[in-house]
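Please look over the sequence and the structure below before reading on.

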Amino acid sequence: MGFHQIKDASGVAVVQVEGQLVVGNRQELKDLVQAALDRGERRLLIDFSRTGYIDSSGLGALVSMSKKIREAGGELRLSGLNEDLRSLFELTKLDTLFAIAETPKQALASF
Amino acid sequence: MPSRLLLCVRRSTASDGAGSATLVTLRLPSEIECIEEVVELVTRHCLAGQGAAARIRFRLQVVLSEALSNAIVRGNREDRAKWVDVRAELGPDVIRLEVTDEGPGFDPSAVPEPIRPEQLDEANGRGLFLIRKLVDAVEFNERGNSICMTLRRP
């Protein structure tokens, strides 16, 4: 449970969300992304291949992180959303706001 | 730290054999750290004995997490002296989940739709919208501090 951060060989900062992204832990993810920006990372991928569910606070955190990354001149991609998780993005129209790839591999290739 | 959750489960079977019902009640303090554990506990009771229930499991987890978050953060303003009550009535065809806080309540009709293009960049305001999309029926009490969500079993 939690967030696992790695640096891909292509230089993209990858954060894996293990378990839930919810009101109780969204700040932890925001802090992680902020720390990556402070280190000079500008290409970030958040992967949901090992995520159970996301609540509206988690979605909101993604929206504000995306804004911050954009303002810093960076790019954010999302990947690994299963059918249920993807439905949350579609219902809230956030699928139009984010660059979403099927797999982390596809997301990394799209940077 | 010991858990501060108060859980009670009652199972009853109709005398005419028409089916059984289970009532799960749970009281939790206004601490967002409790939400995941409560969602896990209640979902487990709601789906006990149900095999292929992945779809309804996800809906249950999201809407319960949402309703608890609203109750704790917006209703009780994270005041640790205040409690949130969960009541789940589990019938053969439907699950009814009621979440009640001790706050003053709110007017659900005054909550704007979060999917207009100019709203998409907003970090907040999607909780109630998601609940409405993921359950079969939503009702509030008159005061607006108690939400009742109904999900039909597949």
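The paragraphs below start with conventions and then turn to the chains.

This is a predicted model, in which local features need pLDDT of at least 70 and side-chain atom pairs count only at pLDDT 80 or more, while totals for chains, interfaces and linings use all residues. Residues are numbered from 1 along each chain as its sequence is written, and chains are lettered from A and ligands numbered from 1 in the order in which they are written.

Chain A contains four helices and six strands; helices (H or I, at least four residues) and strands (E, at least two) are DSSP runs, numbered from the N terminus. Their order along the sequence is β-β-α-β-β-α-β-α-β-α. The C-alpha trace of chain A spans about 30 × 30 × 25 Å along its principal axes. Its radius of gyration is 13 Å, in agreement with the value near 13 Å for a compact globule of 111 residues; this radius is taken over C-alpha atoms, and the globule rule is 2.2 Å times the number of residues to the power 0.38. Of the 111 residues in chain A, 42% are buried. A residue is buried if 20 or more other C-beta atoms lie within 10 Å of its own, exposed if 12 or fewer, and partly exposed in between, with C-beta atoms placed from the backbone.

Helix H1 of chain A covers residues 26–38. Its 13 residues reach 18 Å from first C-alpha to last, close to the 18 Å expected at 1.5 Å a residue; the expected span is 1.5 Å times one less than the number of residues. Which residues of H1(A) are buried? They are Arg26(A), Leu29(A), Val33(A) and Ala36(A). These residues lie on the same side of H1(A) because they cover an arc of only 85 degrees around the axis, the arc being that of the directions from the helix axis to the C-beta atoms. An α-helix has 3.6 residues a turn, so residues three or four places apart point the same way. The face turned away from the buried side of H1(A) carries the exposed residues Gln27(A), Asp31(A), Ala35(A) and Asp38(A). Just after H1(A), Gly40(A) has a positive phi of about 100 degrees.

The largest nonpolar core has 60 residues, and Val42(B), Val63(B), Ala67(B) and Leu68(B) have the most contacts inside it. Such a core is a set of buried Ala, Val, Leu, Ile, Met, Phe, Trp, Tyr and Cys residues joined through C-beta atoms within 7 Å. Helix H2 of chain B (residues 54–75) gives the most to this core, with nine residues.

The contact between the chains takes 22 residues from chain B and 20 residues from chain A; two residues are in contact if their C-beta atoms, placed from the backbone, lie within 7 Å. H2(B) gives the most to the side of chain B that touches chain A, with seven residues.

Two loop residues of chain A remain. Leu94(A) lies between helix H3 (83–91) and S6, and counts as buried because it has 21 C-beta neighbours inside 10 Å. Beyond four places in sequence, Leu94(A) touches Leu59(A), Phe89(A) and Leu120(B). Thr103(A) sits in the loop between strand S6 (99–101) and helix H4 (104–109). Is Thr103(A) buried or exposed? Thr103(A) is exposed, because 12 other C-beta atoms lie within 10 Å. Apart from neighbours within four places in sequence, Thr103(A) is in contact with Ser79(A) and Gly80(A).
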